[in-house]
Amino acid sequence: MTRKSDSSLTDDLLRPVFETSTKFYVTAAVLAVIVAAGFGTWFYQIYWGMGVTGDNWPVFWGLHETNFVFWIGISHAGTLISAILRIVNATWRRPVTRCAEVITAFALMIGAMFPLVHLGRPWLAWWLIPYPSERLLWPNYRSPLVWDFFAINTYLLSSLLFLALPAIPDFALIRDRTTGWRNWLYGKLSLGWQGTPRQWHRLESAMHMMALAIIPIAISVHTIVSFDFSMAVVPMWHSTIFGPYFVVGAIFSGIAALNIVMAIVRRMLHLEKYLQPIHFRNLGKLMLAMSLLWGYFVFNERLVTWYGNTPHEMAALWSTQLGRYSPMFWTMIFCNFILPFPLLTIRKLRSITATVIASCGVVIGMWLERFLIIVPSLSYKGTSYSWGTYLPRWPEIVIFGASFAAMALLYLLFSKFIPIISIWEMKVGEHSNIKVAAQVQESEAAGELV
Amino acid sequence: MPHKWGMAVDLDRCTGCEACVVACHSENNIPTVGETEAARGRAMHWIRIERYWEGEFPEVQVKFRPVLCQQCDEAPCEPVCPTYASSHSEDGLNSQIYNRCIGTRYCANACGYNVRFFNFFTPSWDKPLHLQLNPDVSVREGGVMEKCTFCIQRINAGKVSAGIEQRPLLDGEIQPACVQSCTANALVFGDLADPDSTVSKLSKSPRGTKLLEELGTKPKVTYLQRGSWDDSQKR
Amino acid sequence: MTSMYGLFSTPELAQQAVDGLRAAGVPEGEITIQSSEPMEEYEFGSRDRETLMPWNAVLGGAIGMAAGYFLTSVTQKSWPMVTGGMPIVTNWTNLIIIFELTMLGAVFASVITLLYSARLPGRLPKFYDAEISNGKILVGVASPREMEKVEHALRASSGGVRKLELLS
Amino acid sequence: MDRRNFLKVGALTGASATLTSCGNPEHQMIRFIPEEEIQGGIAIWKPSVCPLCATGCGMLVRVVDGEAEVIRNGKKGLIQMGLARKLEGNPAHPISQGKLCARGQAAIQVTYHPDRIIHPLKRNGVRGSGPFQEITWDEAITILLSQIDGLAAAGSQNALAFLTKPMRGQRQTLISRFMQSYGAPPPMNFDPFGDQVLRRANAHSFGHEQLPTFDIAQSRYVISFGADFLGSWNAAVPQSAGYGEMRQGKPGHRGKFVQVEARMSQTGANADEWVPVNPGTEGVLALGMAHVIVNLKLRPGNLAALAEYTPAEVAKRTGVKTERIERLAREFAENSPAIAIIGGTPLAHTNGMFSALAVNTLNTLSGSMGKPGGISFMPQPGKDAPPGTSFNKFVTEQLASPESPVKALLLHEANPVYGSPSAWRVREALSKIPFIASFGSFIDETSILADLVLPDHSFLESWVDDVPESGAGIAVASVAPPAMRPIHQTRAMPDVLLDVSHRLAKPLQQPLPWKTYEEMLKDSFESISPGADTWNNAIANGGVWGKTGEPGVRPLVPLFPRYSEPEFDGEGVQFPFHFLPYKSQSFLDGSLAHLPWLQELPDVLSTAMWSSWVEVHTETARGLGLVQGDVVEISSTQGKIQAPVLLSPGIAPNVIAMPMGQGHETFTRFASGRGANPISILAPMAEPETGALAWAATRVRISKVDAASKLILFAGGMREHPDDHR
């Protein structure tokens with residue numbers, strides 16, 4: 001019976017890799033078009049100049065930077081969560097981890113695009129890379145943007161490895177079940193994996209080490225993203241809570257994104273059997289905790305500013321509470337706090353749909369939060385003569401939309417080449433559940449299994 | 001001894017005539033962005049006259065304040081630049097090296113005075129307006145940040161001519177375009193490293209204040225506040 | 001040369017087979033085991049557990065840290081740039097770079113250790129059976145000295161052996 | 001600017017500056033041999049005179065070589081030539097004292113303006129519709145000759161008219177002599193916003209029909225009645241310099257400055273005390289102060305003559321509190337030397353003459369006339385021009401008779417079609433004239449009516465001279481040779497005029513013997529101050545100056561003018577607001593609206609760029625439900641215009657003000673079709689004695705209209721929330 005369950009599980013999880021529906025092609029095509037539009041718009045912006053955006057004096061940062069912070073935030077879903085879960089050895093994590101790690105990998109890639117997109121002269125972006133150049137000039141290690149460069153790249157590399165290593169046995173699996181080019185491809189990818197106890201053990205201990213390393217990395221990444229703002233003496237930016245504030249926000253939005261993705265994957269790839277309500281419930285609880293934490297930070301931020309009562313900070317603050325940016329602020333409060341709270345606490349309401357609705361709210365809310373951190377502060381900095389305002393223009397919006405399409409597309413393609421749930425980890429899970437039974441039926445199992 | 005260029009702005013003299021603004025455009029090849037761009041808040045004025053109302057009609061008064069790059073000793077705009085486009089010169093100026101700028105616009109955000117301006121597009125001059133451009137000042141490309149340089153081209157020219165004649169620079173010998181044009185002599189430029197220079201003396205005036213001093217940026221521009229008639233009567 | 005292995009459908013049988021082989025005097029090192037999932041609950045699954053992984057990770061971290069320190073402070077000295085009245089070598093900010101490179105070093109070290117000690121990438125051994133990926137567990141000996149003993153051991157211990165094969 | 005062209009044009013930018021540009025069309029052009037001695041990259045400073053306003057600042061032009069696109073014998077090509085790069089005040093010049101105002105700095109764009117007329121034009125098509133065709137100078141001169149000779153042949157020399165802005169120096173002399181010797185009436189000076197009223201008043205009070213010179217630097221107390229003397233009025237540059245000195249130049253003595261006006265001007269913004277008064281009652285306040293001064297025996301005077309100006313009475317009329325009047329009077333008398341200045345709006349009421357005389361009285365009382373820290377009048381060397389013909393008279397006659405009395409009009413730097421109330425029907429009057437020739441450098445609302453355009457050199461390309469009317473204590477006569485060679489196919493107006501005068505059927509050789517304007521200037525300067533190298537020094541320094549001519553002012557007894565009530569067009573109920581057009585800090589009366597630097601220069605009080613606006617008191621606006629940027633229709637009895645509202649705390653609630661300068665129909669790419677022109681809706685009220693336009697005597701009503709706002713403010717804060725932006 002172990003074998004049966006094994007093979008059926010393997011079949012279920014490998015089906016998306018082997019069977020491709022027309023629906024897949026259509027979706028992929030549509031997404032690809034949107035992504036292409038995004039790149040087109042970017043080249044348009046490069047050709048004419050940043051002037052095609054809504055940026056102005058003094059609001060020099062707008063939607064692009066908002067999206068940067070947003071996507072880096074989303075990236076905190078996967079690797080960080082799965083690392084934590086691995087370390088505490090939460091058994092229910094098994095079906096979730098890979099879904100999550102994939103989000104990290106792609107969200108990071110997309111997020112890391114935006115600093116390039118926002119550059120006035122993107123063709124010179126490579127000047128951030130530290131190498132002995134003929135310019136004799138190294139990057140300025142005092143600049144938070146350089147910290148970003150290091151932190152994001154570190155996080156991206158380790159996340160990719162963290163995603164790739166446990167995939168090797170699954171590659172081997174596919175290798176054994178295929179012929180022709182697939183067999184060749186996955187043969188190469190599986191690096192000749194045979195599954196000796198030694199290999200298994202090394203793999204697991206490597207994963208353990210990386211899990212340990214990746215948690216501080218992930219935290220540092222979003223702290224450093226927050227430094228982009230808190231290092232500048234700008235009203236409401238120059239704050240010491242920004243580090244944890246951003247990290248919490250990141251995990252918050254990350255879990256939300258994970259919930260949504262899992263729900264979609266579950267539906268599209270018919271994995272109802274593996275991604276079960278319990279996963280959503282647990283992640284929901286985690287998200288609720290984050291929501292509370294986040295609310296706590298927002299309250300801190302606002303109270304301290306209000307109490308401090310310095311003119312520029314008050315101007316920025318009131319613009320978000322009652323002024324021109326207040327509709328966004330109160331929407332954010334609703335999405336991040338008022339909406340998820342009942343949906344995730346009241347047992348009757350708790351359900352996959354509820355969790356997903358709450359998650360959608362949180363993703364929207366967290367995007368607004370990033371916007372509200374960046375734009376109002378810039379609008380009200382400096383001498384009141386030079387205050388300003390900001391409205392995005394179409395190129396920013398198109399690129400913003402394309403970034404979501406890119407996420408979906410990458411995810412879609414990924415699930416086509418690699419089982420979105422780690423098969424061997426599932427098996428381990430299954431067996432540790434039925435081990436007892438197995439031992440009881442050992443003898444007969446020995447005999448008549450055919 | 002290295003120079004330390006600084007400026008004193010006498011708000012009691014400034015009449016808000018804005019000669020300095022046009023002089024700066026003329027000297028530094030600052031582009032005219034045009035109506036549409038100006039409406040989007042992209043007009044460039046390295047020096048501007050800020051205007052503040054005080055009181056209500058009929059007891060209403062106005063204060064003018066010329067604001068240009070404060071050339072801070074501890075400038076927030078400098079460390080945030082990833083490519084050292086914004087860094088400190090030996091003379092204590094915030095130099096903006098256009099060729100190094102990749103256009104992150106971070107410096108402009110960090111600047112507490114909003115005196116940095118970004119070339120949202122590559123500027124253009126309808127021919128033959130381009131014939132007026134000052135050959136001593138480079139024209140900036142799109143995607144590059146720019147700001148007041150204290151007319152560094154004039155500072156260097158002054159140093160060179162003094163060097164040729166093998167004499168020290170005289171106080172007031174070097175004048176940025178704004179100072180040169182100031183009709184009421186409200187702007188005074190000079191070497192703060194020289195205690196006897198006019199600007200050093202003025203900077204020590206009891207009327208002297210710094211703009212947004214609480215930011216701790218150590219500006220090299222000193223604002224001499226408006227006096228009131230009654231004080232002078234008492235004296 | 002002939003090799004010999006058995007495929008077992010449950011870890012328990014595999015364990016018996018391994019014990020049998022040991023009893024038959026096959027040296028530990030010659031017994032090959034392959035499975036499609038870790039079997040750490042079983043004795044045979046937890047052979048050669050000892051590894052330098054953590055120490056290598058720490059070592060890698062140390063190397064990364066050193067690299068970070070030199071990259072920052074040395075380059076800052078190479079062309080001294082004054083910004084914002086900060087010192088030329090700004091240790092506060094450099095710490096961030098140093099931290100990131102330390103972590104990167106640790107991660108790389110663990111991965112390299114993994115690849116090296118798990119002999120990846122490698123080639124498939126003389127015998128390998130795709131049945132493994134259906135849950136079977138392979139226990140075998142490459143070119144045993146006393147074929148009969150091995151065969152006997154495998155057979156005796158494993159009612160569940162479906163296949164027995166000679167490769168040469 | 002069109003974004004599409006950014007990269008294209010961008011490639012051409014800074015051909016002389018650094019940005020190199022490959023594929024630059026200029027590289028394929030032929031190059032002519034330089035026509036002058038120039039060292040590459042070496043800057044030379046040449047003297048010149050600023051032509052933009054009546055101050056007459058002497059300036060220095062920074063000339064550096066560069067490559068200009070020019071046409072030589074019909075071929076287009078590049079030539080290396082000295083190009084003006086920057087304008088600065090001439091430190092040696094007594095008027096500018098090394099300074100130059102924003103407008104003067106921007107004057108360089110006149111020379112390099114992309115829409116300058118670069119060769120002679122002949123109208124083909126309906127007059128006023130625009131289409132012109134390029135012709136050669138020979139053709140142009142021939143046409144002009146035939147017209148003028150034609151008149152002479154018909155014996156109607158007096159049907160030739162010459163219309164200019166107010167001219168000074170030898171240009172003035174040349175034009176007058178030309179007209180005189182030809183037998184035509186003297187030239188007309190178009191200057192509706194000038195200071196005829198004040199000049200006439202000064203003639204009455206001090207015997208000088210001239211604008212006064214103020215020694216603000218030395219004075220301890222300055223009270224200004226509506227005069228924007230730091231911005232757009234009289235000799236703003238020297239006055240600002242003096243003001244700076246008055247404030248901080250004399251340690252321990254900080255002079256006080258009081259501004260009396262209904263709408264806070266740039267000058268008023270600098271006042272220690274700002275005193276709003278009811279429009280047209282400035283003179284009353286002045287005499288009220290005089291009353292207090294005489295009453296308190298601070299100065300001797302005839303109190304009877306001032307009987308009706310008791311502080312109480314004055315307070316009632318002006319809206320200034322009694323105590324304040326008394327305090328101001330005492331301060332004024334006790335802090336001599338003290339100056340009272342009047343200019344601008346107060347003179348633009350029907351009782352402007354009264355107000356001017358009243359302020360003159362105050363000055364006479366203060367006893368600082370002709371003293372340091374007081375008022376003086378500049379000697380005017382070589383001023384021999386007869387009074388001009390009245391423009392208003394000309395217009396009336398044109399409109400009166402069905403057959404145009406004037407048969408040929410020569411037009412130079414005057415734009416009456418834009419610059420006069422539509423009620424004057426100037427366009428109609430001019431359109432009747434059979435032949436109009438313009439010497440202008442731009443196609444504006446008036447020169448578009450021309451049949452022939454003979455484009456003048458820019459001031460940087462031609463001989464310039466000037467005899468300033470005010471601004472220095474000593475006599476000044478400025479002169480300067482061309483700072484650079486012409487870049488277009490243009491000719492200097494004086495040279496053309498001399499050329500024509502010699503080639504007429506009856507040549508005017510005898511009255512105008514000079515071949516070129518240069519010769520004429522030389523003669524005149526040598527006649528002013530004889531001497532061997534006068535001329536060479538003059539052209540080296542940018543002029544001659546010194547203590548020549550008669551003394552500044554002859555002492556006078558105060559004369560007390562009879563009060564006259566200001567009259568306004570439009571009765572109060574229907575037209576509740578006084579309408580105050582004022583000279584824009586950037587464009588003056590609108591003649592500078594074509595300079596991009598000035599268009600993008602934020603108005604110092606409103607911070608507005610590229611737009612026109614109407615200033616409404618914050619409370620008034622609240623009452624009318626108007627917010628920043630709302631577009632309103634401003635209607636007088638004479639017509640209506642639209643402009644966005646700008647909230648201002650610095651304006652009387654019953655007054656709305658609007659800057660002149662915008663609202664051009666045709667005036668280059670930078671000014672055409674932008675904003676609204678307040679002059680157009682002014683009522684044709686006049687100051688009786690001089691007949692000068694009383695441009696502040698119109699009343700209007702405003703009503704919100706549904707239109708897109710074109711209010712562009714540099715102060716971003718003000719764009720969105722004017723209230724918390726103070």
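Mentor: Chains C and D do not touch, and their nearest C-alpha atoms are 26 Å apart. The model is predicted: local features need pLDDT of at least 70, side-chain atom pairs count only at pLDDT 80 or more, and totals for chains, interfaces and linings use all residues. Residues are numbered from 1 along each chain as its sequence is written, while chains are lettered from A and ligands numbered from 1 in the order in which they are written.

Trainee: Which chains share the most contacts?

Mentor: Chains B and D do, of the 5 pairs of chains in contact. Two residues are in contact if their C-beta atoms, placed from the backbone, lie within 7 Å. On this basis, 72 residues of chain D are in contact with 64 residues of chain B. Helix α7(D) gives the most to the side of chain D that touches chain B, with 7 residues.

Trainee: What makes β18 and β20 of chain D edge strands?

Mentor: Strands (E, at least two residues) and helices (H or I, at least four) are DSSP runs, numbered from the N terminus. The open sheet has the order β18-β19-β20 in chain D, with antiparallel pairing. β18 (464-466) and β20 (543-546) of chain D each have a single partner strand, so one side of each is left without a neighbour in the sheet.

Trainee: Why are β18(D) and β19(D) called paired?

Mentor: Two strands pair if DSSP finds at least two bridges between them.
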